[in-house]
Amino acid sequence: MRGKSSKEKAKLFTRRSLMMAGGQAALMSVLAGRLYYLQVIQSNEYTMMADENRMNIRLLAPLRGRILDRFGDEIASNRQNYQVVLIREQTDSVEQTLDRLSELVPVPEQDRARVLKETKRKRGFVPITVMDNLSWEEFARINVHSPELPGIQLDVGQTRYYPYGPLFAHTVGYVGAVSERDLKNLEPDPLLELPGFRIGKNGIEKFYDLPLRGTAGTSRVEANAYGRVIRELDRQEGRPGNDLVLTIDAELQKYTVERMGEESAAAVVIDIHTGDVLSMVSVPSFDPNSFTTGISTKDWKALQGNPKRPLGNKAVAGQYPPGSTFKMIVALAALENGAITMDHEVYCNGSTKLGNHKFHCWKRGGHGKLNLRESIEQSCDVFFYDIARKVGIDKIAEMSNRFGLGEKLGLDLRGEKSGLIPTTDWKRAVRGERWQVGDTFNAGIGQGYVLSTPLQLAVMTARLANGGKAVTPRLVKNSMEQADNPTQTEEPADMGLNKTFLRYVQAGMFDVVNGKRGTGRGSKIKVEGWEMAGKSGTAQVRRISKKERLTGVLKSSERAWKERDHALFVAYAPYDEPRYAVSVIVEHGGSGSKAAAPIARDLLKAALRLDPVRNKDRSKFVNKPQKKGETDA
């Protein structure tokens, strides 16, 4: 019994051993099959996944397109930028890393706060710019100590550079870092997430940001378990942004800024046939390079607090009463609508009455009897009160619109203002009041509700000078066109004006500068064949009281700057073969004929000197087109 029991036990043990061995063999078979599946069948897939863990694809910012003047001179370009970036996932403590970095180079508090804020918003592997535009000495110092700075990486990129500084600030604009608001409002683009990447914030840089931006490149790098880059495996450079060629002449722009001096002013020079804007200046200005690198709080507050508004583009966004520069429009409205004839005369004794109110002429004793041409030459207000009343505000508004006033002109800049040309319907809708004859009197001399921009006045003058063609302004050429070929654009439409009336008004503008009693006779161009036609304007910024008129109106120089009249002048030259038109406004400059006319004359002379058609050897005028007030050719 005992032996049988032992045999049974042995069989039982053997059976269990076999079962266990079978189970182990089955398990091993499953494991072996799984290993075979993973290592052989799925080998390619897992090899690729392993490579992806070992390799990173990084975006490369493209080179931003350059902005050039009409002759190919660089207005906006790129230069090397030494910068420090931080990758959050590669450091245990961002604050400690920043503390260590601060021992090597000063890290401004605003930069430190920005970095800490961005680490919470961005993914851990996305680089964050800590500092840029470092000097070579600072860059080298950090590089030597880089092993002690976990998460810190050095990079050499490109930054925007404006070689002319403030000269083109309002036209070209500037670039700046991508803000959270930009990320919400702009079309999605991986480039916007790159550290230090900058986009257009103002001017041409903003309007043409996408074509200037270019397309990103890629860099495939091998990294270790800590994320440190070991080597670059592959690199594909992005497509640089498109170069942009402007209509601006950098030399004329430079001269314009110098000629304006310390004034608060704006000027526009335009080709009357093509609409090319050769110079557009608003002074005082600012250095766009300071915005590219990051402007300090102190400098920002100084710009904002400046009463001469250096941040605003007065040329397209400044809205001013045009004053007497508007009188040509009133004259054409009256002639075209049959309200007067060319031999219409008015006697000016210094004022005219409307009910119990007296409307004054700028000349206290009056001008005597004048016809239309003489009234333009001497800028008689009483004459224009009379013809404005005869033609009416709505007809004046229609003619104004035909000359580009009261509407945006579609220039490639954001922030362009439309000015204001009032009508009877406008006053009823906006102010809830009926239009009065007194309103028409004020509008007839470019005062009251009438507002215009310097750009609009330049376009108005161009259309007067070119025989009534509806030329439109442009800042950007489609390609690198030849500057000496002024007929690259389509022929502007004819406005359908009576040419006899137009020539008569032009003759009045010629007399303003060249006549014996012209208000701008002190600023004539004394070069044969370069004679200028123009019109002065003085726009009041406050109402002159009856008491003041009786006791004597204070001279402009005796008033506070803010209470002085604006000085305006519009002109074109040469009179016989017009090519360029100009508008100038000097804020609170006083008399248009004294403050603005000399500037307009000098700008037209500079444009003619620098004209490649008129002067084949343009180089002798470059950098020094002329001295202030110079009269010889």
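Does Thr461 count as buried or exposed, and at what relative accessibility? At 0% relative accessibility Thr461 counts as buried, where buried means under 20% relative accessible area, exposed over 50% and partly exposed in between, with a 1.4 Å probe and protein chains only. The views below come from a predicted model, in which local features need pLDDT of at least 70 and side-chain atom pairs count only at pLDDT 80 or more, while totals for chains, interfaces and linings use all residues. Residues are numbered from 1 along each chain as its sequence is written, and side-chain values use heavy atoms, with hydrogens and water left out.

**View 1. An open antiparallel sheet of 5 strands.** The strands follow the order E12-E11-E19-E18-E17; helices (H or I, at least four residues) and strands (E, at least two) are DSSP runs numbered from the N terminus, and two strands pair if DSSP finds at least two bridges between them. At the edges lie strand E12 (277-283) and strand E17 (533-539), each of which pairs on one side only. From one strand to the next the twist averages 5°, angles running from 0 to 180 degrees between N-to-C directions and axes being lines fitted to C-alpha atoms, for helices over the stretch in contact. Strand E11 (residues 265-271) and strand E19 (residues 580-586) pair in the antiparallel sense over 7 bridges, and Val268 stands opposite Ser583 in E19.

**View 2. Helix H20 on the sheet, with Thr461.** Helix H20 (residues 454-465) packs on the sheet and touches E11, E12, strand E18 (566-573) and E19, its direction making about 145° with that of E19. Thr461 belongs to this helix, H20, and, leaving aside neighbours within four places in sequence, Thr461 is in contact (heavy atoms within 4.5 Å) with Met509, Val570, Ala571, Tyr572, Ala581 and Val582.

**View 3. The crossing of helices H16 and H19.** The axes of helix H16 (residues 381-391) and helix H19 (residues 437-444) come within 8 Å and cross at roughly 125°. That makes H16 oblique to H19, since angles under 35 degrees count as roughly parallel, over 145 as roughly antiparallel, 65 to 115 as roughly perpendicular and the rest as oblique. Phe384, Tyr385, Ala388 and Arg389 of H16 make the contact with Val437, Thr440, Phe441 and Gly444 of H19.

**View 4. Val527 in a loop.** Val527 lies in the loop between helix H21 (499-514) and E17, and is buried, with a relative accessible area of 9%. The C-alpha atoms of Val527 and Lys605, 78 residues apart along the chain, are separated by 9.3 Å.

Conventions: A crossing is left-handed if the near helix is turned anticlockwise from the far one by less than a right angle, and right-handed if clockwise.
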